[in-house]
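Student: I am new to this structure. Could you show me how to read it, one feature at a time?

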Amino acid sequence: MSFDDLLAANREFAADFDLSGFDGVAHAGVAIVTCMDSRIDPLRMLGLKAGDAKIFRNPGGRITPQAMEALVLGVHLLNVDRILVVPHTRCAVASNTEAELRERVAASAGQDASWQPFNVIADQEAALREDVQKLRSHPLVPDTVEIGGFIYDVDTGLLDQRV
Ligand SMILES: [Zn+2]
């Protein structure tokens with residue numbers, strides 16, 4: 001078992017592979033930073049397709065140093081001129097405290113998890129404003145780049161621009 005099902009699916013995918021010879025730029029000029037949550041389909045929710053966007057995901061959809069690194073590369077080398085920061089409703093890292101997440105992971109792991117950091121979000125709206133501000137004030141993100149902060153509703157599929 002292990003990866004057999006996925007590798008079989010990959011062979012089918014490769015049988016009519018149509019993305020070869022494709023460059024790595026964002027064809028629609030879009031970059032999306034969003035949560036790892038499996039309820040989010042970043043391309044489909046914006047009417048985009050493979051090749052259109054740079055996508056960076058982490059728990060909560062935060063502008064971490066790694067996200068910033070990806071966006072600076074995106075803006076300068078990969079055709080990005082619009083950035084969407086997209087946290088979502090019912091996000092685990094915005095609805096648990098760090099202590100709660102550590103407890104739940106410890107219960108699953110059967111061992112201490114108190115040393116594992118989880119970057120929980122106390123106030124999702126405030127965190128989103130802070131992340132968008134961080135991008136807008138970054139010296140390597142030019143003013144010509146449009147930056148928006150949105151909350152994605154996992155129950156309706158709708159994006160709501162907040163900043
Ligand atoms: Zn989430």
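Tutor: Helices (H or I, at least four residues) and strands (E, at least two) are DSSP runs, numbered from the N terminus.

Before going on, note that this is a predicted model: local features need pLDDT of at least 70, side-chain atom pairs count only at pLDDT 80 or more, and totals for chains, interfaces and linings use all residues. Residues are numbered from 1 along each chain as its sequence is written, and side-chain values use heavy atoms, with hydrogens and water left out.

Student: Is Cys 35 buried or exposed?

Tutor: Buried means under 20% relative accessible area, exposed over 50%, partly exposed in between (1.4 Å probe, protein chains only). Cys 35 has 5%, so it is buried. Cys 91 has 3%, so it is buried too.

Student: In what order do the strands of the sheet lie?

Tutor: Two strands pair if DSSP finds at least two bridges between them. Here five strands form an open sheet, ordered β2-β1-β3-β4-β5, with mixed pairing. β2 (53-58) and β5 (159-161) are the edge strands, each pairing on one side only.

Student: How do β3 and β5 each run with β4?

Tutor: β3 and β4 run parallel, joined by four bridges. In that pair, Val 85 stands opposite Gly 149 in β4. Strand β4 (residues 146-152) and β5 run antiparallel, joined by three bridges. There, Tyr 152 stands opposite Leu 159 in β5. The hairpin of β4 and β5 has six residues between the strands, and Gly 157 takes a positive phi near 85 degrees.

Student: Why is β4 called largely enclosed by the rest of the structure?

Tutor: Six of its seven residues are buried, so the rest of the structure largely encloses β4.

Student: Where does Leu 19 lie?

Tutor: Leu 19 lies in the loop between α1 (4-15) and β1 (30-35). Its relative accessibility is 30%, so Leu 19 counts as partly exposed.
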